Amino acid sequence: MDPDPRPNDHPEVASGGVGVLLVNLGTPDAPTPGAVRRYLAEFLSDPRVIEIPAIAWKPILHGIILRTRPARSAHAYAQVWTDEGSPLAAITAAQARKLQDLLGEGIRVDWAMRYGNPSIPAKLAALMEAGCERLLVVPLYPQYSAATTASVVDKLGETLRAMRWQPALRTLPPYYGDDTYIDALETDVVRQLEALDFTPEVLLLSFHGMPERTLHLGDPYHCHCRKTARLLGEKLGARLPQMRIETSFQSRFGRARWLEPATETVLEREGKAGTRRLAVAAPGFSADCIETLEELAIRGRDVFEAAGGEHFAVLSCLNDSSVGMAMLQALVSRELSGW
Ligand SMILES: C=CC1=C(C)c2cc3[nH]c(cc4nc(cc5[nH]c(cc1n2)c(C)c5CCC(=O)O)C(CCC(=O)O)=C4C)c(C)c3C=C
Ligand SMILES: [Fe+2]
Ligand SMILES: [Fe+2]
């Protein structure tokens, strides 16, 4: 990257502008083993994600994981790929477009991915070229974790380190317990449950998992997920008292213990225990992605039905829905109000 994207003599640049950069995790450029390998190589080389000393991890990553997982993951991506590309990228782009409309021309909105494209350095440079001297970076993770939120901030730091003239920077705090978020989830979940052709006995709130060790090391992720689940559960319980609400953690990776209970285990247990009608919501994901569209909606259904379940649905994430966008606008506007 050009170490300083704003050379001194840029009189045409309107200065002092405010920019908002939405950031999500990242996704491959194509549903092919090669593209997935490139994406996973970057993602799984991040010490925030894999907290094993590099000397032990690199041989496993390059010798085993990057030889086997790309083909399997590419198959999963191919099942959910859209005309606009990966769902995660397409939805994040739509969120940025709609937020731009909601905030108006005075503030410039863009989006980036922590891994893969479009990259944080490229988008930071573009915003600064456009005259943004104040940047609000929005990690699209309601619950903080070192593997997600902190990793975005690490990348920002790495990018800024190469600049002589840095922008002023804020990051949106995690919003796992914010009324704006909980109310948006409540509205959206109730709307989707009412549109189903069955009445679920159980609503499963499935969050992305993390190694259990991170909880003992002080990562607040587990607490944040539990709090979101409790607050949302209280609201939903008041409106739909017949429905039982459970919480679980999905997407286990590697051999270490992960947060429990695992989504797959709960789906199997519920089916075997006689639950026939079950819906899943994934409140920790800002946008539908391979984890919701393939892991939950395809493989999760198989697990539940094989265990005896009959009716199964996975609700959409907030995505670029009007209620989701109103929430993002409110969170961002509150953060920008001091600027
Ligand atoms: C929402 C929060 C997320 C946390 C926390 C998280 C932790 C975490 N993830 C992995 C490994 C993988 N995650 C993968 C995909 C993926 N993860 C998140 C979000 C969180 N991850 C999203 C939004 C996505 C979807 C990306 C997409 O393109 O749709 C993958 C890649 C897919 C696959 O091969 O299964 C891996 C691998 C770890 C190890 C981890 C915490 C340490
Ligand atoms: Fe993940
Ligand atoms: Fe997964």
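## Confidence in the model

The mean pLDDT of the chain is 95, and 96% of its residues reach 70 or more; pLDDT is the predictor's confidence in each residue, from 0 to 100. The model scores are ipTM 0.98 and pTM 0.96. Over residues 8-13 pLDDT stays under 50. For that stretch the model has 2 contacts beyond four places in sequence, where two residues are in contact if their C-beta atoms, placed from the backbone, lie within 7 Å.

This is a predicted model, in which local features need pLDDT of at least 70 and side-chain atom pairs count only at pLDDT 80 or more, while totals for chains, interfaces and linings use all residues. Residues are numbered from 1 along each chain as its sequence is written, and chains are lettered from A and ligands numbered from 1 in the order in which they are written.

## Overall form

The chain has 11 helices and 8 strands. Helices (H or I, at least four residues) and strands (E, at least two) are DSSP runs, numbered from the N terminus. Along the principal axes, the C-alpha atoms fill a box of roughly 70 × 50 × 40 Å.

Of the 339 residues in the chain, 41% are buried. A residue is buried if 20 or more other C-beta atoms lie within 10 Å of its own, exposed if 12 or fewer, and partly exposed in between, with C-beta atoms placed from the backbone. Among contacts between residues at least 6 apart in sequence, 80% join residues at least 24 apart.

## Two domains

The domain assignment gives domain 1 (20-175 + 323-336) and domain 2 (179-314); such bounds come from an automatic or database domain assignment. The C-alpha centres of domain 1 and domain 2 lie 24 Å apart.

Where the domains meet, 23 residues of domain 1 are in contact with 22 residues of domain 2. On the domain 1 side, α2, α3 (87-103), α5 and α11 (322-336) each supply at least two residues. The largest share of that side, 5 residues, comes from α11. By class, the side of domain 1 that touches domain 2 has 17 nonpolar, 6 polar and no charged residues. Here Ala, Val, Leu, Ile, Met, Phe, Trp, Tyr, Cys and Pro count as nonpolar, Asp, Glu, Lys and Arg as charged, and the others, Gly among them, as polar.

## Around ligand 1

There are 21 residues around ligand 1, and Thr 27, Ser 73, His 208, Cys 289 and Ile 290 come nearest. A residue is near a molecule or strand if its C-beta atom, placed from the backbone, lies within 6 Å of it. The shell draws at least three residues from each of domain 1 and domain 2. β1 (17-27), α2 (54-80), α5 (146-161) and α10 (290-306) each supply at least two residues of the shell. By class, the shell has 11 nonpolar, 8 polar and 2 charged residues.

One of these elements, α5, has the buried residues Ala 146, Ala 147, Thr 148, Thr 149, Ser 151, Val 152, Lys 155 and Leu 156. What covers them includes β1, β2 (107-116), α4 (120-129), β3 (132-139), β4 (168-171) and α7 (212-216).

## Loops and backbone exceptions

Most residues other than glycine have a negative phi, and most peptide bonds are trans. A cis peptide bond joins Asn 117 and Pro 118, with omega about -10°. Pro 118 is in the loop between β2 and α4. The bond from Glu 260 to Pro 261 is also cis, with omega near 0°, and Pro 261 is in the loop between β6 (244-250) and α9 (263-273).

Ser 251 is found in the loop between β6 and α9, and its phi is positive, near 65°. Ser 251 counts as partly exposed because it has 17 C-beta neighbours inside 10 Å. Asn 319, in the loop between β8 (311-314) and α11, has a positive phi of about 50° although it is not a glycine. Asn 319 has 19 C-beta neighbours inside 10 Å, so it counts as partly exposed.
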